Amino acid sequence: MILLSACLAGFNVRYDGGNARNDLAAQLVALGQAVTICPEVMGGMRTPREPAEIQDGNGGDVIVGRARVVNRRGVDVTKQYLQGAQLALGIAQRYHVQAAFLKQKSPACGTQLIYDGHFSGHKIAGIGVAAALLRQHGIQVFGDEELSRERVRPWVDSAVWPLLLENGR
Ligand code: SF4
């Protein structure tokens with residue numbers, strides 16, 4: 001089973017009420033090959049909501065208490081991000097997930113890039129809170145830019161693979 005950011009599958013869970021739909025992600029869910037998580041919503045935040053960024057570190061630093069997540073109004077939402085990450089990990093473990101494809105640049109889901117914590121639009125190398133926790137527990141974590149049929153093939157049932165190819169035509 002594959003784990004996906006819910007916004008990639010087309011669910012309107014982003015901070016602005018929209019999504020980041022990726023056709024392959026939606027097909028993987030429809031074919032029963034992926035489950036979705038939205039760590040921000042699972043942490044108790046509403047949609048739409050203020051955007052948030054990690055300050056003074058990355059998701060791994062947040063997990064050990066060395067950095068925090070703050071929204072654009074200056075409210076500390078670290079607790080919500082930690083709770084959302086734990087619930088996401090619980091789902092991943094329940095479904096025996098081996099690989100996750102997550103939305104890049106998010107303070108929860110980013111895998112290689114996050115914003116710098118100053119709401120300036122500037123991006124830095126770093127990982128989000130949920131992505132970091134998943135990786136710490138042995139799950140392979142990839143960004144959405146790596147989402148392709150060939151990349152997900154190891155985790156797709158062989159009986160379903162022809163359907164995925166057909167849907168891609
Ligand atoms: S937390 Fe992850 S799944 Fe939820 S909207 Fe942000 S990037 Fe998408």
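Mentor: Let's take the pocket and ligand, then a few loops and a helix.

Trainee: What should I know before I start?
Mentor: This is a predicted model, so local features need pLDDT of at least 70, side-chain atom pairs count only at pLDDT 80 or more, and totals for chains, interfaces and linings use all residues. Residues are numbered from 1 along each chain as its sequence is written, and side-chain values use heavy atoms, with hydrogens and water left out.

Trainee: OK, how much space lies in the largest pocket?
Mentor: About 510 Å³. A pocket here is an open set of points on a 1 Å grid over the protein atoms alone, where a 1.4 Å probe fits, with protein on both sides within 12 Å along at least five of seven lines. The volume is the space filled by probe spheres set on those points, which are joined across faces, edges and corners.

Trainee: How does the lining divide by residue type?
Mentor: It has 14 nonpolar, five polar and seven charged residues. Ala, Val, Leu, Ile, Met, Phe, Trp, Tyr, Cys and Pro count as nonpolar, Asp, Glu, Lys and Arg as charged, and the others, Gly among them, as polar.

Trainee: Where does the ligand sit?
Mentor: In the largest pocket, meaning that more than half of its atoms lie within 2 Å of the pocket's grid points.

Trainee: Is C7 buried or exposed?
Mentor: C7 is buried, because its relative accessibility is 10%. Buried means under 20% relative accessible area, exposed over 50%, and partly exposed in between (1.4 Å probe, protein chains only). C38 is buried as well, at 13%.

Trainee: Back to Y15. Where is it found?
Mentor: Y15 is in the loop between β1 (2-5) and α1 (23-30), and it is partly exposed at 34%. Its C-alpha is 4.9 Å from that of R49, though Y15 and R49 are 34 residues apart in sequence.

Trainee: What about K105?
Mentor: K105 is in the loop between β5 (99-102) and β6 (113-115). Its phi is near 80°, a positive value in a residue other than glycine. K105 is partly exposed, at 28%.

Trainee: Which residues does a cis peptide bond join?
Mentor: T47 and P48, with omega about -5°. P48 lies in the loop between α2 and β3.

Trainee: Last one: why is helix α5 largely enclosed?
Mentor: Because six of the eight residues of α5 (residues 129-136) are buried. They are V129, A130, A131, A132, L133 and L134. After α5 comes G138, with a positive phi near 85°.

Note on methods: On a 1 Å grid over the protein atoms alone, a cavity is a set of points where a 1.4 Å probe fits but cannot get out, and a pocket is an open set with protein on both sides within 12 Å along at least five of seven lines; lining residues have an atom within 4 Å of a point. Helices (H or I, at least four residues) and strands (E, at least two) are DSSP runs, numbered from the N terminus.
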